[in-house]
Amino acid sequence: MADQSQTQSDERTPLLRGTSNNHAGENGRDATPEEDFVHLNAQVKTWRRRRWISLIVSVFLIIAFVVILILSGVLSRARRKPVMTTSLCLTPECIHASSEILYNLSPDYKTIDPCTHFDTLVCDGFNNRHDIPQDRASYSTGTIMSENGQTTLRHILESPYPSTSEHSSFSPRNLVELSVSTDEENFHMIQEAYNSCMNETTLQRIGVEPLINLIEQVAKSFPVTEDDSGLVGQVDYAALSDTVLFLEKIGVTSFVGLTAGADDKNPDVVIIQAYPAGLSLPSPEYYQDDDTVNTYQAMLGEVFSSLLPTNSSKSSAKQLAQSVVELEKKIALVTPPTEDQSDVTKYYNIAKLADAGKIGPAIGLDSVVKGLVPEDYTPDSLLLAFPEFLGNVSEIISNTSKSTVQSYLVWQLVNSYSSYVEGPEVQPIIRFTNTMSGKDPDTKSERWKTCVGYVDSTLGWILSRFYIEAAFSDEAKKYGDQIILDIKHQFISKLNGLSWMDESVKKLAANKVNNIDQKIGFPTTSPNITNPEALRAYYSGLTISDSFFNNTLSSNTREVNRTWSALGKPVDHGEWGMQADVVNAYYNPVGNEIVFPAGIMQFPVFQLGLPSYTSYGAFASVAGHELSHAFDNSGRHYDEHGNFTDWWTNNTVQEFEKRANCFVEQYNNFTVQGNNGEPLHVNGRLTLGENIADAGGVSAAFAAWKDRIESTPDQDLPGLDFFTQEQLFFVFYANWWCGKTRKEQAIRGIYTDPHSPAFARVLGTTANSRAFRESFNCPVKEPTCELW
């Protein structure tokens, strides 16, 4: 009790001494002065003692709090930013980039485990905010970039010639007078092509008449009379060959694909190339699905009833539709697997042209080729991929009725040209195509989108010239070049550090990296799109009028002639395979080149003025991906000059195959939902090259970025302080793959697409990244699979 009374007395002690009776004794009397002094002295000692205790406790609490902070930082997988002196970027570009990521992140991003559900963490917000538009089979970050590019192209095509633009050295304002005149003529050409496509009133009035004219030419070339219902015989081979040639000249492929391109074993020489074709459905697997086949056959019956060349054939539309489907089923059975068709070790086969004619006599490939090559070129040999396919298809044709073959050829023509006419006769094709992609059967894109795409495919390089004027800069090109140089440096460094690759191969591989030709933004040769005269020369011979169908026919014919006219000339290594506005990139093993159109060098994949982990996380990973293709299961067969040759030692090949098989097994486990509700597995063999490239690309890009920030530290982005900069690198990588896909489109991708589904590209790639696992402090730091 004494202690308690003492405590109560102390608690009542005022801040300053007052006149109140605070010192009454236990018996209620006043204390004497001596007692007051003794009591005061005791209080002072007590106060001092308590002050020291309080101070010691406070120090202890501060130390404990700091320790807790440190421990919580370690135990929370390093998600919170370490204390450092980094500045915050508050420019409009940085605020925009932050908002883009914050909108796309899952609302629960702080609690989702990045090590197992990184795609959900980064993309759930995107999925919640975006529905797939009715006219699309999928919708993604890349789709949005493409739509932004389309809008830019639309503004170009619907605006006057930009005579006052002075964006660059080749802007209209900076061109000499003669070039300005040519530039304006080129501009009016793309506008005329666009307007011919936009004039739906005229297209509806004309209807399918232009298409019927071509159908009649097919029927005349390969005639079938009412009494002529027998099988295709040797007497019909010449007519069939002539008809295949006619279709090839206007850009229509039938039983066998034909083109001219660089020889895999001699990349400076152009050779004739033939490859399997003949199917209208996306892949052979579709012919095994009864529902799909029945829907396809019903559509053919509708089309045949109005577009076959004679009344007799129209009256037999259903039977002919069934027989054409049966013909394609037989072709599907002898078609090589999709993964084999991209394997150079399986498709590369040089044959004499005369022998090709003998292998497939019904088609007469030798006669077709002779009708396609330039007059001053004598064909002797060709790359005949899978010669057994040609022989099998020839045998199938020989056991098929003439009326079926004619109907098949008419269908190939109609299928290729139906998009360029308007009328109820082609509506079944539109409905079927939409259904196959999971869209509403009657969905139709806005006309301007169709026509922008049409101009891009017809006069793409002229349109690219004005796109560059509007959406690209010299500074962007320099930054892109520097990123790719950084990637090359890191890739060589990684090659040198490999324990499984023999030293002799490492040296050759480093030479190959250094020899890769990097093409950024847009071409300056073949054609030089900064030169109006060069563009006009490139499109010489192309006639553009107010007739949409005739413009298409003229463009297709010209493109076929341009392709075959390359025979007898050196390979033009200045050519590009994509227009400048395309949101994509590629590696060409024969040319040993990586190509990045300006279309993919846009936000959010690439942008100047942002912390470098944004562009390195997205664009540099794309660049590293394309470079990695030089060493994937296909690209590794080509040396530094693009020659298909064995330049790896047996030991290195064995070690590569062992690690590559890891990727095959890993991606085989990813699935999408099949038509019957059962899981449909990714084909790890078909997607192997892309999966290897994804892993190699991210690895090289992260290393390149870490090197960069040693001399040029990055700023932070506002609102994203939950993540470290290392983590944001991977957030921007995964953000590029955010998207949604209709079930039907996802199924098609499993059978035909060498790329894995987007979610698998995020989950598989991050599982194969040591840097990712370390950045998020995942329990397992070792990559699941690793090559580079």
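This is a predicted model: local features need pLDDT of at least 70, side-chain atom pairs count only at pLDDT 80 or more; totals for chains, interfaces and linings use all residues.
- Strands of a sheet pair through backbone hydrogen bonds, and they may do so in a parallel or an antiparallel way.
- The antiparallel case is seen where three bridges join β7 to β8, the strand of residues 593–597, with Tyr586 standing opposite Val595 and Tyr587 standing opposite Ile594.
- The parallel case is seen where five bridges join β6 to β8, and here Asp517 has Glu593 of β8 as its bridge partner.
- Between β7 and β8 the chain forms a hairpin with four residues between the strands, and in this hairpin Asn592 takes a positive phi near 45°.

- Is β8 buried or exposed? Five of its five residues are buried, so the strand is largely enclosed by the rest of the structure.
- Glu593, Val595 and Pro597 point one way from β8, while Ile594 and Phe596 point the other way, and all of them are buried.

**The four-stranded sheet**

- A second open sheet, also with mixed pairing, has four strands in the order β2-β3-β5-β4.
- At its edges stand β2 (256–263) and β4 (350–352), and because each has a single partner strand, one side of each is left without a neighbour in the sheet.
- Neighbouring strands in this sheet are turned against each other by 40° on average, when direction is ignored.
- Strand β3 (residues 266–276) pairs with strand β5 (residues 381–384) in the parallel sense over two bridges, and Ala274 has Leu384 of β5 as its bridge partner.
- Helix α16 (residues 365–372) packs on this sheet and touches β2, β3 and β5, its direction making about 55° with that of β2.
- Helix α25 (residues 548–564) packs on the sheet too, touching β2 and β3, and its direction makes about 45° with that of β2.

**A pair of packed helices**

- Helix α5 (residues 141–157) packs against helix α20 (residues 447–458) at an angle of about 80°, with the two axes 10 Å apart, and this angle makes α5 roughly perpendicular to α20.
- Among the residues that meet in this contact are Leu153 and Arg154 in α5, and Trp448 and Val452 in α20.
- The residues of the contact divide into five nonpolar, two polar and four charged.

**The nonpolar core**

- The largest nonpolar core has 222 residues, and those with the most contacts inside it include Leu413, Phe596 and Trp788.
- Helix α28 (residues 688–711) gives the most to this core, contributing ten residues.
- With its neighbours within four places in sequence left aside, Leu413 is in contact with several residues, including Leu211, Ile250 and Val252.

- Asp440 lies in the loop between α19 (427–436) and α20, and because its relative accessibility is 45%, Asp440 counts as partly exposed.
- Although Asp440 and Asp135 are 305 residues apart in sequence, they are 8.1 Å apart in space, C-alpha to C-alpha.

Terms used: Residues are numbered from 1 along each chain as its sequence is written. Side-chain values use heavy atoms; hydrogens and water are left out. Two strands pair if DSSP finds at least two bridges between them. Axes are lines fitted to C-alpha atoms, for helices over the stretch in contact, and angles run from 0 to 180 degrees between N-to-C directions. Angles under 35 degrees count as roughly parallel, over 145 as roughly antiparallel, 65 to 115 as roughly perpendicular and the rest as oblique. Contact means heavy atoms within 4.5 Å. Ala, Val, Leu, Ile, Met, Phe, Trp, Tyr, Cys and Pro count as nonpolar, Asp, Glu, Lys and Arg as charged, and the others, Gly among them, as polar. A nonpolar core is a set of buried Ala, Val, Leu, Ile, Met, Phe, Trp, Tyr and Cys residues joined through side-chain atoms within 4.5 Å. Buried means under 20% relative accessible area, exposed over 50%, partly exposed in between (1.4 Å probe, protein chains only).
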